[in-house]
Amino acid sequence: MKDTIDKLVDIDNQSRAIINKCEEKEENLNFETAMKQLEEIANQLEKNDLDLDKAVEKFEEGMKLSKKCSEILENAEKKITILINDGKDNFSEEEFNTNKE
């Protein structure tokens, strides 16, 4: 019985390590790589040669990548500043504002 429990604990630890690696990989994903992966998933889904389970899995993966791309774009937008020339070669920075007022 103890051997079985030890094996289950070992399997659980291995699973957690794999999940952590996947999460780290996802966090370090850049926009271009994420978009490329998203395009590949879209192409696979458009071919209609995946079984339902695999198609749902790919769709879920695509949704995660789409969310990651949106987050990257939002963060980039927050960092953008606009340089304004006051006509006297003096430049100032203003926060990027997407709202046109």
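Lys 58 pairs with Glu 61 in a salt bridge, and their closest N and O atoms lie 3.9 Å apart. A salt bridge here is a side-chain nitrogen of Lys or Arg within 4 Å of a carboxyl oxygen of Asp or Glu. Both residues sit in helix H3, three residues apart, or about one turn of the helix. Lys 58 is buried, with a relative accessible area of 14%. Glu 61 is partly exposed at 33%. Buried means under 20% relative accessible area, exposed means over 50%, and partly exposed lies in between (1.4 Å probe, protein chains only). Side chains of opposite charge can pair when their charged atoms come close.

This is a predicted model: local features need pLDDT of at least 70, side-chain atom pairs count only at pLDDT 80 or more, and totals for chains, interfaces and linings use all residues. Residues are numbered from 1 along each chain as its sequence is written, and side-chain values use heavy atoms, with hydrogens and water left out.

The structure holds two salt bridges. Glu 57 and Lys 54 form one of them, with the closest N and O atoms 3.4 Å apart. These two are three residues apart in helix H3 (residues 52–79), so about one helical turn separates them. Glu 57 is partly exposed, at 41% relative accessible area. Lys 54 is partly exposed too, at 34%.

Now step back to the whole chain. It has three helices and two strands. From the N terminus on, the order is α-α-α-β-β. Helices (H or I, at least four residues) and strands (E, at least two) are DSSP runs, numbered from the N terminus.

How confident is the predictor in the chain, on average? The mean pLDDT is 77, and 65% of the residues score at least 70. pLDDT is the predictor's confidence in each residue, from 0 to 100. Where pLDDT is low, the predicted coordinates should not be read in detail.

Next, look inside. The largest nonpolar core has five residues: Leu 29, Ala 34, Ile 41, Leu 65 and Cys 69. H2 and H3 each supply at least two residues of this core. Such a core is a set of buried Ala, Val, Leu, Ile, Met, Phe, Trp, Tyr and Cys residues joined through side-chain atoms within 4.5 Å. Ala 34 touches Leu 29, Leu 65 and Cys 69, leaving aside its neighbours within four places in sequence. Contact means heavy atoms within 4.5 Å. Buried residues make up 8% of the 101 residues in the chain.

Helix H3 also holds Ser 70. Ser 70 is partly exposed, at 36% relative accessible area. Ser 70 and Phe 31 are 39 residues apart in sequence, yet 9.0 Å apart in space, C-alpha to C-alpha.

The loop between helix H2 (31–46) and H3 contains Asn 48. Its phi is near 60 degrees, a positive value in a residue other than glycine. Asn 48 is exposed, with a relative accessible area of 69%.

Met 1 lies in the segment before helix H1 (2–27). Met 1 is exposed, at 79% relative accessible area. Met 1, Ile 5 and Val 9 form a nonpolar patch on the surface, with about 340 Å² of accessible area together. Patches are made of residues with over 30% relative accessible area and no salt bridge: like charges are joined within 9 Å, nonpolar side chains (Val, Leu, Ile, Met, Phe, Trp, Tyr) within 5 Å. Accessible areas come from the Shrake-Rupley method with a 1.4 Å probe; for residues, only the protein chains shown count as cover.
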